[in-house]
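Here's a quick tour of a protein with a ligand in it.

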Amino acid sequence: MSAQILDGKTVSEHLKDEIRARIAKHIANGQRAPHLVAVIVGNNGASETYVASKERNSKSVGMDSTVLRFPETMTEAELLAEIERLNSDLSIDGFIVQLPLPKHIDAQKVTFAIKPEKDVDGFHPYNTGLMLKGIDTLLPATPYGILLMLEYYKIETSGKNCVVIGRSDIVGKPMAALMSRNAYPGNCTVTMCHSKTNNLEFYTKNADILVVASGIPEMVKGDIIKPGAVVIDVGITRVDDASNPKGYSIKGDVHFESAAAVASYITPVPGGVGLMTIAGLLQNTLKAYETKK
Ligand code: NDP
């Protein structure tokens with residue numbers, strides 16, 4: 001392996017220390033702690049794991065954290081009413097509705113219902129619009145976390161070719177927009193690839209920075225990566241694994257060993273972007289709290 005690891009644990013611990021210190025200062029000044037709420041509907045093992053981690057991490061920096069669990073049978077109208085309650089509760093600075101939602105609930109309606117100032121996942125179209133215009137706002141937590149990681153390692157981005165695989169609203173599209181903005185990290189020439197892209201490797205082999213968010217475990221191998229590229233693996237998929245006591249293991253969208261042999265920097269899975277997503281969420285919650293104050 002020749003690549004340097006972009007270590008989500010080191011970076012997120014550093015950012016959490018900064019957040020913890022800022023919160024301690026607010027509390028010393030007589031303010032209440034920031035309050036983050038997570039809403040979870042139904043029983044999804046992966047969602048439970050993510051929400052537990054968000055709760056643990058927000059408490060570890062001194063935030064108040066509440067998890068609201070609702071049964072799979074919750075109706076869309078009931079969830080929208082709950083969101084209205086959270087929108088108007090002055091003691092709550094930010095909240096997330098964990099995806100995926102049960103099929104009978106329209107996730108877009110839910111995203112649109114969240115008050116933009118409390119949208120700490122950064123999914124509301126109002127926040128997307130501000131982001132595209134380069135106006136300071138709550139950014140989507142995963143791309144934001146990736147920017148924080150690039151910044152921490154002082155990775156040069158200006159003038160680089162950045163290829164993003166994936167065009168989802170929560171990862172691919174905002175990532176591409178942020179890497180092309182006139183700021184650091186940014187100022188890249190960006191190409192966004194997706195399932196209809198012909199000759200994917202033509203693009204990946206020209207990528208100085210390659211962000212992979214396809215949801216297909218280990219689809220990108222070292223032989224289609226430009227030597228010396230910075231490789232950011234967003235993927236998290238549970239793959240059956242009888243040798244693991246849990247019955248599954250977590251795989252990224254990049255084949256780590258072959259990619260690490262040619263890249264200059266690479267994020268591991270787990271221990272990379274997942275931890276940075278939580279750091280992005282905590283930064284957003286602190287921002288929502290401080291903006292309100
Ligand atoms: P989506 O399924 O919403 O999007 C996947 C994208 O990849 C689509 O745009 C799709 O194209 C594209 N794609 C699929 N197959 C190919 C292919 N063969 N070649 C090129 N592009 C392809 O996924 P998300 O963006 O929500 O998530 C992506 C991955 O990241 C998942 O593993 C998810 O679990 C993980 N994730 C991790 C987070 C973290 O914190 N680390 C946070 C969020 C997600 P098309 O549009 O044409 O269908």
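## The ligand site

A residue counts as near a molecule or strand if one of its heavy atoms lies within 4 Å of it. Around the ligand there are 22 residues, and those coming nearest are Arg 167, Ser 168, Ser 195, Ile 236 and Thr 277. By type, the shell splits into nine nonpolar, 11 polar and two charged residues; here Ala, Val, Leu, Ile, Met, Phe, Trp, Tyr, Cys and Pro are nonpolar, Asp, Glu, Lys and Arg are charged, and the others, Gly among them, are polar. Helix α10 (residues 273-292) gives the most to this shell, with three residues. Helices (H or I, at least four residues) and strands (E, at least two) are DSSP runs, numbered from the N terminus.

Now for the polar contacts, meaning pairs of N or O atoms within 3.5 Å. A side-chain N or O atom of Arg 167 sits 2.7 Å from a ligand oxygen. On its own the ligand exposes 920 Å², and the protein buries 69% of that (Shrake-Rupley areas, 1.4 Å probe).

## About the model

This is a predicted model, where local features need pLDDT of at least 70 and side-chain atom pairs count only at pLDDT 80 or more, while totals for chains, interfaces and linings use all residues. Numbering runs from 1 along each chain as its sequence is written, and side-chain values use heavy atoms, with hydrogens and water left out.

The domain assignment, which is automatic or from a database, gives domain 1 (31-115) and domain 2 (141-274). Their C-alpha centres lie 27 Å apart.

Ala 3 lies in the segment before β1 (4-5). Is Ala 3 buried or exposed? Ala 3 is buried, at 6% relative accessible area (buried is under 20%, exposed over 50%, partly exposed in between; 1.4 Å probe, protein chains only). Beyond its neighbours within four places in sequence, Ala 3 has contacts (heavy atoms within 4.5 Å) that include Ala 260 and Tyr 265.

Two cis peptide bonds are worth a click: Tyr 184 to Pro 185, with omega about -15°, and Val 269 to Pro 270, with omega near -5°. Pro 185 lies in the loop between α7 (172-180) and β6 (189-193). Asn 187 is in the loop between α7 and β6 and, though not a glycine, has a positive phi of about 55°.

Key:
Polar contact = N/O pair within 3.5 Å; in protein donor to acceptor, adjacent residues only side chain to side chain.
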